[in-house]
Amino acid sequence: MLVSLSGVQHRYGATVALADCRLEVAPGEVHALVGENGSGKSTVVKLLSGIMRPTVGSVHVDGDAVALRSPAHAQRLGIVTVFQETLVADELTALDNVFAGTDGLFRRRRGAAAERTAAADALSRLGADPGLLSLTPDHLSLAERQVLTLARALVRPWRLLILDEATSALDLATRDRLFALLKEQTTDGRSVLFVSHRMDEMRLIIDRATVQRSGVTVGTVTSDEATPATLLAMMSGRSEQAAPARSGPPRTGGDPFLRLRDVALEPGAEPFDLTLRRGEILGVAGLDGQGGSALVETVAGLRRPRAGRVETADGVAITGHRSAFAAGVAYVPGKRQDEGLFPTLDVADNLAMAILPRLARRGFFRRSRVLATVRDQMEGLGVHPADPRYPITGLSGGNAQKVLVGRWLATEPDLLVLNDPLRGVDLGTKVEFYALLRRLTDDGTTVLMLSTELEELLAACDRIAVCADHRVATVLDGSAMTHDAALAAMFGQEVS
């Protein structure tokens, strides 16, 4: 085998990202790596790219065990990666971006003319104008920036090219040119590891596919066997720690509270309509980068849609976070450490900061009044330890998340927007959180909740909006709200 992983495990602290990964990429093949969110695909890519090392297990190149110490080391062995994110430096020209990292400190490995010729040839073969090499990336479209990252990989002496959702920003013509180029270059023993959620693309190019589920390799199938039905069936096994069953049937919700009209989340994306109803929990599902985060951030006023309008049922437009907050929308980010909590403050200050103006009298507030309000919130949320003066850094992840949610619940919102709030939280805390959301909706609050765990959405939500290709592809409710239906919609398949 050209490259293989054997018995690989990897942990991020207490989180197991890979429990048992087995992958073999043969010389001259295009090998797909498939799985839903949380299956471990990104970790596999990082291990092979030299970004991290496995906790347990081994990586082999040409049959020899290797410890990939860095991306530069991986590239010296012929492993080159193109990521979904267009990783370019805006301060450099496009040409300098193509050859970034290949030259020494004082001299080029190739002459300037040779570099320009090689880069121009790679761009031409992808159907792009070589003239963009003189521009900086901030003058390029998203598709041109992605072509630039592909050219950067192609000019290197690669033996294994890893494409991590790298076709998502390409138009069909450029994608087809890339596929033709890859088929041509794999005839000499070079290989491609193709990570994609697009089943139609896999049918066009792959020789084999390996399926990951919850950090475990399920199996490998040939291109003839890799039908959408087969791959989805391999991916659809339930996690070992199942989410709790629903306490009752989904509710239909009340009157409309918020409407999205002809909204386009990205340039060129197909517009869609969506209505959020009072007293419902509307879930948001989708593969990473397919519009889920953009949707919740748009509803919360953190970003503006490329087209269309977000407005309340009364016709009040949501044009930014201030107008959203004024309309009764509260947003809870998923990355509590980076985007939500203040580590130098105690629980009381973290929880009360959104309501301090309301607690103030003539510009002043009593600490005793703040602490009393905080204690009420902590009791309702079940925060432990129940000491408002406790340092926020001393709380468990689940209790810290409760504090962050409590900050915005204290504002008494009409719509609570949750951006994957329970990632990495234990099952017991999740059960408590689902019960809390039910109490909120009983009182008429609307909840919009993105989660990367389908089982969580099925357990907590009344409807699920499934995002694909930067739009809401379908909304599942009633008997149609199943794991298999949601997974099929996430991968662009028709929901039966």
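Modeller: Let us begin with Arg190, which at 21% relative accessibility counts as partly exposed; buried means under 20% relative accessible area, exposed over 50%, and partly exposed lies in between, using a 1.4 Å probe and protein chains only. Its side chain meets that of Asp188 in a salt bridge at 3.4 Å from N to O, the term meaning a side-chain nitrogen of Lys or Arg within 4 Å of a carboxyl oxygen of Asp or Glu. Please keep in mind that this is a predicted model, in which local features need pLDDT of at least 70 and side-chain atom pairs count only at pLDDT 80 or more, while totals for chains, interfaces and linings use all residues. Residues are numbered from 1 along each chain as its sequence is written, and side-chain values use heavy atoms, with hydrogens and water left out.

Strands (E, at least two residues) and helices (H or I, at least four) are DSSP runs numbered from the N terminus. Glu311 counts as buried because its relative accessibility is 10%, whereas Arg261, at 39%, counts as partly exposed.

Both strands belong to an open sheet of three strands in the order β12-β11-β14, paired antiparallel; two strands pair if DSSP finds at least two bridges between them. Strands of a sheet pair through backbone hydrogen bonds, either parallel or antiparallel. Here β12 (272-277) and β14 stand at the edges and each has a single partner strand, so one side of each is left without a neighbour in the sheet. On average, neighbouring strands of this sheet are turned by 10 degrees against each other, direction ignored; the axes are lines fitted to C-alpha atoms, for helices over the stretch in contact, and angles run from 0 to 180 degrees between N-to-C directions.

Between β11 and β12 the antiparallel pairing runs over five bridges, and Pro256 has Arg277 in β12 as its bridge partner. Finally, helix α9 (residues 292-299) packs on the sheet, touching β11, β12 and β14, and its direction makes about 125 degrees with that of β11; contact means heavy atoms within 4.5 Å.
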